[in-house]
Structure formats: C-alpha cells, structure tokens
There are 2 protein chains.
Amino acid sequence: MGFHLHERLAADTIHVGDLALSRVLLMNDRRFPWLILVPRREGLRDFDEVASEDKADFYLAIEQASAALRALTGAYKLNVGAIGNMVPQLHVHIVARFPADAAWPAPVWGYGVAEPYEAGALENLVAKLARELGLKSGD
Amino acid sequence: MGFHLHERLAADTIHVGDLALSRVLLMNDRRFPWLILVPRREGLRDFDEVASEDKADFYLAIEQASAALRALTGAYKLNVGAIGNMVPQLHVHIVARFPADAAWPAPVWGYGVAEPYEAGALENLVAKLARELGLKSGD
C-alpha cells in the first residue's frame, strides 16, 4: 500500500531522510529545533495504533531523533507529542526546548508564526541531522 | 531508591492505580478525559531516558492507558505528549479528544482553567478506569 505524506506536513517541513519505518522531517521554523516522525504506513492516526511488528522501529525512531537533537543542540528539555487534531495522519513531534526560546515554558504547538530558516542554514542543519541519524541527506 | 511524585502532579490529579512501571493519574479536569503516566523511577526527565529494561513496560502503559480511554469515552482522537517544561519529572499525558470539546482543535496544555469533577462523578470514573486497566482502584 502506498504511503502519502499529508499535504500540510509536506508544506511545513523539509525531508531529512527515512529511518526503517518513519520518515524524518524538519519543521521549517528556526525558532525551535523540531523534528517530526511519520511512520510510512497508510491509515495510522493514533500513537497506540502502530502495528505490533512495527512498534520496535516506531519507538526506536523516537529515541534516535531525540538523541540527534540533543547531540546537535544541547537541548535543555525535549518535548515529545502526537496530537494530530488538525493533521490526522500519525506524526510524532520531537522538539528541543530551551528556557530562552520563543515559547518557553509553553508548548510550541500553535504558538505564534513559524520563521523559516535561511537557505544556507537549512541545508546545513538538514545535513547535520542526516549525519547524526545515520542517513544520507534527502534519502 | 524511593519514588516521589512531583507536588504539582499530586495536586492536580487523582491516583487511579499503579501499572508495572508507571503510576496512573487522572487529571482532575472534567473538560477532558485525561490520564497521566509517571514511571516510578527517580531522576527521569525526558521520554527517551527510560532505562532499557523499563522500556517495554513504559510503552505498554501508554498503549493500555490509550485503550482504556478509548473504551470508556469513544475518543475521536487521542493526544499523547511528554512536555515537562514546568514539571520536570517525566510524565506522559494521554488525553481523549472530541471535536466538540472545550479546546478543540488546540492542545489542552495550558488551555483555560481546569474544572474539577464533582465527587460522585470522580469516584465513578476512577473506578471505571481502574477496572479497565485491570487495577484495584486507588492501588
């Protein structure tokens, strides 16, 4: 069965690469280092609905994305969330947070307006993330 | 090593019972059916920091709490989140959401003011949750 990324996710993010199960996206918002993981399976909505045989990969991706963000940013706190009230396709947010960031201590979801990266900074960050995750950039 | 529930979590919730690893709490806010899971280990902050030997129980508790909320409420969507910017002790929110609820489609965190349950309704819901989770109420 084909996998189609929800158009809203496609519009708001850059494709970093694909882990065993999950697509890794970078939110194009330089206010927050912010990854989104999307299991490449059709029809998933809720966090607990991942098939048994995919669960290990699903949870591992969260750990890998968390480790990559922590290594690259020195995150003070990681926020993890699967909300999906507006975009029903299952996706997991992993956000590196800092006491001096734009939204602290509030959650980032729905907070203000995204500020896109400049092109050079974006390419650089995507390459670093891909390397940290053991992916070829833009896989 | 002893386990101490953060005072803010203790103040805002009712103890439903304890699963293998995680304490199950009900947020005392009748606007949203809202469970909080807290692994009974000292010093945990982030979602990916649960010890290897505890991970299976940690993830299973999320699935069990999700299933219990879905069974009891017919949730339209489940929101799962580990944020912890204000309460650093690792805790996972699992919230049953509906298109007609008070905050929809926004996340519940920081949304308005909690509305406590009435005593009878609270006792009733805690008992139902405990039964659904296979716990003795108030364990």
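How many helices and strands make up the secondary structure of chain A? In this predicted model, the chain comes to three helices and five strands, and, read from the N terminus on, its elements follow the order α-β-β-β-α-β-β-α. The radius of gyration of chain A is 14 Å, close to the 14 Å that the globule rule gives for 139 residues, so the chain is as compact as a globular protein of that length. Along the principal axes, the C-alpha trace of chain A spans about 40 × 30 × 25 Å.

Turning to the packing of the chain, buried residues, meaning those under 20% relative accessible area, make up 53% of the 139 residues in chain A. Among the contacts in chain A with a separation of 6 or more, 59% are accounted for by residues 24 or more positions apart. The accessible surface of chain A comes to about 6,200 Å², and carbon and sulfur atoms hold 52% of that area. As for charge, chain A carries 14 positive and 18 negative side chains, with the centres of these two sets lying 4 Å apart.

The relation between the copies comes next.

Definitions and conventions: Residues numbered from 1 in each chain as written. Chains lettered and ligands numbered in written order. Predicted model: local features only at pLDDT ≥ 70, side-chain atom pairs only at ≥ 80, totals over all residues. Heavy atoms only, no water. Helix = DSSP H or I, 4+ residues; strand = E, 2+ residues; numbered from the N terminus. Rg over C-alpha atoms; globule rule 2.2 N^0.38 Å. Buried < 20%, exposed > 50% of the residue type's maximum accessible area, 1.4 Å probe, protein only. Contact = heavy atoms within 4.5 Å. Areas by Shrake-Rupley, 256 points an atom, 1.4 Å probe, with all protein chains shown as cover. Lys, Arg positive; Asp, Glu negative; His and termini not counted. Charge placed at Lys NZ, Arg CZ, Asp CG, Glu CD.
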